[in-house]
Amino acid sequence: MTSRQHRRRVRVWFGEHVIAQYVAEAPLAARYEQAMRRRFAGLKVTNDLLGPLDSND
């Protein structure tokens with residue numbers, strides 16, 4: 001992953017509790033989000049921008 005690619009954080013929520021979390025570049029995060037929406041149809045799934053990857057990560 002280069003520093004120009006943006007990471008996304010996908011989370012699956014059960015009420016106010018995060019039950020799954022995944023961080024990846026945008027295309028992989030989108031695929032994971034869709035899989036989680038199918039698997040957990042009744043739960044909230046969020047996909048948030050984290051910004052570019054720092055060299056310190």
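Which exposed residues does the face of α1 turned away from its buried side carry? I kept that one in mind while going through the chain, and my notes follow.

**Ground rules.** I am working on a predicted model, where local features need pLDDT of at least 70, side-chain atom pairs count only at pLDDT 80 or more, and totals for chains, interfaces and linings use all residues. Residues are numbered from 1 along each chain as its sequence is written, and side-chain values use heavy atoms, with hydrogens and water left out.

**Overall layout.** I counted elements and got 1 helix and 3 strands. Helices (H or I, at least four residues) and strands (E, at least two) are DSSP runs, numbered from the N terminus. From that end, I read the order as β-β-α-β. The chain has 57 residues, and 25% of them count as buried. For the record, buried is under 20% relative accessible area, exposed is over 50%, and partly exposed falls in between (1.4 Å probe, protein chains only).

I turned to β1 and β2 next. β2 covers residues 17-25, runs antiparallel to β1, and is joined to it by 8 bridges. Two strands pair if DSSP finds at least two bridges between them. I checked two partners: Trp-13 has Val-18 as its bridge partner in β2, and Arg-7 stands opposite Glu-25. The hairpin has 2 residues between the strands, and Gly-15 takes a positive phi near 70° there.

How far apart are the end C-alpha atoms of α1? I found 20 Å, which agrees with the 20 Å that its 14 residues should span at 1.5 Å a residue. The expected span is 1.5 Å times one less than the number of residues. The buried residues of α1 are Ala-29, Glu-33 and Met-36. They cover an arc of only 70° around the axis, which puts them on the same side of α1; the arc is that of the directions from the helix axis to the C-beta atoms. Back to my opening question: the face turned away from that buried side carries the exposed residues Pro-27, Arg-31, Arg-38 and Arg-39.

**The core.** I listed the largest nonpolar core and found 6 residues: Val-10, Val-12, Ala-20, Ala-29, Met-36 and Val-45. β1 (6-14) and α1 (26-39) each supply at least two residues of this core. A nonpolar core here is a set of buried Ala, Val, Leu, Ile, Met, Phe, Trp, Tyr and Cys residues joined through side-chain atoms within 4.5 Å.

- Met-36 counts as buried because its relative accessibility is 10%. Leaving aside neighbours within four places in sequence, I see Met-36 in contact (heavy atoms within 4.5 Å) with Val-12 and Val-45. Its C-alpha is separated by 9.1 Å from that of Ala-20, 16 residues apart along the chain.
- Tyr-32, also placed in α1, contacts Val-10, Ala-20 and Tyr-22, again with neighbours within four places left aside. Tyr-32 and Val-10 are 22 residues apart in sequence and 7.6 Å apart in space, C-alpha to C-alpha.
- Leu-28, found in α1, is partly exposed, with a relative accessible area of 35%.

**Last check.** Among contacts between residues at least 6 apart in sequence, I noted that 53% join residues at least 24 apart.
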